[in-house]
Amino acid sequence: ISDLNSRKNLEGLLRVWLRTTRAEDGAALLLKAGKGGGASDSIRDLLVRLTAETGRTLEQAAPLFLIEGMLSDAEMMSLHATATHYWSMSHGEGWDLPMAQAGAMGLTLLAPDHSAYRAYLDSRVAHMIPSRVTPALDGYRGRDWWTPDEDAAARLLRAVIDDPDGTRLSAREHLLEHFSWRSAAHRLIDLLRGLDAL
């Protein structure tokens, strides 16, 4: 589930998918791109460029399904429920709500090891993809962002496809215990008490 902008790094995610997966793999990528229609042309252009860059065709890789259009909250949760994993190659997040929702639903998470992901995930409950600080591109030029290691992501993706049971992790209990509304309310009450505001 991703907006169509360079910060989300769909380019890196799709490059890893093309490089790593095979048509016979028991895997498929569900990509919900954009907030409305019109994503297919942008994704098609990106895939044309990436197939030329990687030397691998879509037919050689595991299937990719593009989902377009506006989805309700219930439809988004249904999309999560059809999946087993949630994967991001983002260059940076304030808070990745779809990732947190997927984790709370019990999906195995593949997350970049940077920015807000570190606030609610770690290697005990998610597969963390090493990332390094690099100069940002496009509308973010002049700033830095994080770039997930595509080779590490490819090794992780291959491991997950080859051994889904052995690579299974769940952030569900961790997220529900520490990041639920009830948990947030208790933390707020503790902070207010600490300030003698209650």
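Phe179 is partly exposed, with a relative accessible area of 32%. This value, like the others here, belongs to a predicted model. Phe179 sits in the loop that runs between helix H7 (172-178) and helix H8 (181-194).

**Aromatic residues around Phe179**

On the surface, Trp95, Leu97 and Phe179 make up a nonpolar patch, and their accessible area together is about 280 Å². Phe179 also belongs to one aromatic cluster with Trp95, Tyr117 and Tyr120.

How many aromatic pairs does the structure hold? The count is six. One of them joins Tyr117 and Tyr120, with 6.4 Å centre to centre and 45° between the planes, a tilted arrangement. Both tyrosines lie in helix H5 (residues 117-120); they are three residues apart, so about one helical turn separates them.

**The nonpolar cores**

In soluble globular proteins, nonpolar side chains tend to be buried together. Here the largest nonpolar core has 26 residues. Which of its members touch the most others? They are Leu14, Val16, Trp17, Trp87, Met89 and Ile129. At least two residues of this core come from each of helix H1 (10-20), strand S1 (29-32), helix H2 (39-54) and helix H6 (150-162). A second core of 15 residues is separate, and includes Ala100, Leu107, Ala171 and Leu175.

Leu14 shows how the contacts run. Beyond its neighbours within four places in sequence, Leu14 is in contact with Leu29, Leu31, Leu46, Leu47, Leu50 and Leu64.

**Helix H1**

Leu14 is one of the buried residues of H1. Nine of the 11 residues of H1 are buried, so the rest of the structure largely encloses this helix. The buried set is Leu10, Gly12, Leu13, Leu14, Arg15, Val16, Trp17, Leu18 and Thr20. What covers them? The cover includes S1, H2, strand S2 (64-67), strand S3 (85-87) and H6.

**Salt bridges**

Side chains of opposite charge can pair when their charged atoms come close. The structure has 15 salt bridges. Three of these are set out below.

| Salt bridge | N to O distance | Residues apart in sequence |
|---|---|---|
| Arg19 and Asp151 | 2.9 Å | 132 residues |

Arg7 is partly exposed at 21% relative accessibility. Glu93 is buried, with a relative accessible area of 10%.

Arg15 is buried at 14% relative accessible area, whereas Glu53 is partly exposed at 45%.

Arg19 lies in helix H1 and Asp151 in helix H6, so their bridge ties together parts that are 132 residues apart in sequence. Arg19 is partly exposed, with a relative accessible area of 37%. Asp151 is partly exposed as well, at 44%.

Some bridges share partners. Through them, Glu11, Arg15, Arg49, Glu53 and Glu150 are joined into one network.

**A buried histidine**

His80 is in helix H3 (residues 73-81). Its relative accessibility is 2%, so His80 counts as buried. Which residues does His80 touch, not counting those up to four places away in sequence? They are Ile1, Tyr86, Pro98, Gln101, Ala102, Met105 and Leu107. Leu107 in this list is also a member of the second core.

**Backbone with positive phi**

Asn9 has a positive phi of about 60°. Asn9 lies in the segment before H1 and is buried, with a relative accessible area of 8%. Asp196 has a positive phi of about 55°. Asp196 lies in the segment after H8, and at 71% relative accessibility Asp196 counts as exposed.

Note on methods. Residues numbered from 1 in each chain as written. Predicted model: local features only at pLDDT ≥ 70, side-chain atom pairs only at ≥ 80, totals over all residues. Heavy atoms only, no water. Core = buried A, V, L, I, M, F, W, Y, C linked by side-chain atoms within 4.5 Å. Buried < 20%, exposed > 50% of the residue type's maximum accessible area, 1.4 Å probe, protein only. Helix = DSSP H or I, 4+ residues; strand = E, 2+ residues; numbered from the N terminus. Contact = heavy atoms within 4.5 Å. Patch = residues over 30% accessible without salt bridge, like charges linked within 9 Å, V, L, I, M, F, W, Y side chains within 5 Å. Areas by Shrake-Rupley, 256 points an atom, 1.4 Å probe, with all protein chains shown as cover. Salt bridge = Lys/Arg side-chain N within 4 Å of Asp/Glu carboxyl O. Phe/Tyr/Trp six-rings, centres within 6.5 Å; stacked < 30°, edge-to-face > 60°.
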